[in-house]
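Time to look a few things up and jot down what turns up.

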Amino acid sequence: MSATPPPLPSRLQLPPGPWPTLLDGVCARFPRIPREVWQSRFARGRVLDAQGRALSADARYRVGMEIRYFREVADETPIPFAESVVHLDAHLLIADKPHFLPVTPAGGFVEQTLLSRLRRRTGIDTLVPLHRIDRGTAGLVMFSVEPATRARYQALFPQRRIDKVYEALAPCLGGDFPRLHRSRIERGEPFFRMTEAPGEPNSETRIEVLDRGAGGIWHYRLRPVTGRKHQLRVHMAALGAPILNDPLYPQLRVPAEDDFGRPLQLLARSLRFEDPLDGRERRFESRLGLG
């Protein structure tokens, strides 16, 4: 393994526009980032071309040009929970992600992400997540280590050749189990929420009960057949059993800051698949728990 790699840059292909300089163009593309912040990034060599060469703020804006820049977040909030590595070989890394930690940089998180932490921890600068789970969800995330075999592992997900099992704590549900819930999930309001809508189903979840706990809170096993955004959370809420501590479903309850004492009670428990390289069955289990 190599020394700790530098942060990965974000990439942008410049869209059509009338801007005379790169500085004008990126300021228009990212209006929430002050102009002086972009000026500082250019001055410090934090905006590059596709070959990794530093660009100047007054360089001509060229439609279709690829630029690479390094996201920076001032006063990034530390996530006080640690990830662990469940498995590592020449092709795959399986990580156990804690609640609240994003998988990749987004919003106010750059260094406090699973990808950034793992790259610093392992020194492997080729790590790429093969799928995502929500920031609020804990459990297993699979990363590609070797670019040459990455596409073969990525294909497992859209081809539904990987068995993903989740566990959740939620209120008791009536009816028979196991049960299958199918519905059409579309973007809702605000933009980061999803909603069930009329029409042909595009999502499917198998639901089992592991334990009918005291106090009306049951322990469920959830098997998503499809992989829509927030699918498990939307389905459980639609059935009348929203997952405990869910700030988005059924009602939006976004707090001013994370409440680390009330994590979403959803866990990506296991991954099982036939390895595309040698055909053997691979199975990985999270070491984390709920409650």
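This is a predicted model: local features need pLDDT of at least 70, side-chain atom pairs count only at pLDDT 80 or more; totals for chains, interfaces and linings use all residues.

I started with the overall layout: the C-alpha centres of domain 1 and domain 2 lie 34 Å apart. Domain 1 covers 10-69 and domain 2 covers 84-285, with bounds that come from an automatic or database domain assignment.

Residues are numbered from 1 along each chain as its sequence is written, and side-chain values use heavy atoms, with hydrogens and water left out.

**Entry: the end strands**

I looked up β13 (residues 266-274) and found that it pairs with β14 in the antiparallel sense, over five bridges. Pairing here takes at least two DSSP bridges between two strands. Helices (H or I, at least four residues) and strands (E, at least two) are DSSP runs, numbered from the N terminus. S270 sits opposite E285 in β14. Six residues lie between the strands of this hairpin, and G279 takes a positive phi near 80 degrees.

Which residues of β14 are on its covered face? I found R282 and F284 there, while E281, R283 and E285 are on the uncovered one.

**Entry: salt bridges**

Opposite charges on side chains can pair when the charged atoms come close. I counted a salt bridge when a side-chain nitrogen of Lys or Arg is within 4 Å of a carboxyl oxygen of Asp or Glu. The structure holds 20 of them.

I checked R121 and E83, whose side chains meet at 3.4 Å, N to O. R121 is in helix α3 (residues 114-122) and E83 is in the loop between β3 (66-69) and β4 (84-88), 38 residues apart. Buried or partly exposed? My cut-offs are buried under 20% relative accessible area, exposed over 50%, and partly exposed in between, with a 1.4 Å probe and protein chains only. R121 is partly exposed at 47%, and E83 is buried at 12%.

D246 is in the loop between α5 (231-238) and β13, and R233 is in helix α5, so the pair ties together parts 13 residues apart in sequence. D246 is buried at 2%, and R233 is buried at 5%.

Last one: R223 and E208 form a salt bridge, with the closest N and O atoms 3.1 Å apart. R223 belongs to strand β12 (residues 217-224) and E208 to strand β11 (residues 203-212), so this pair ties together parts 15 residues apart in sequence.
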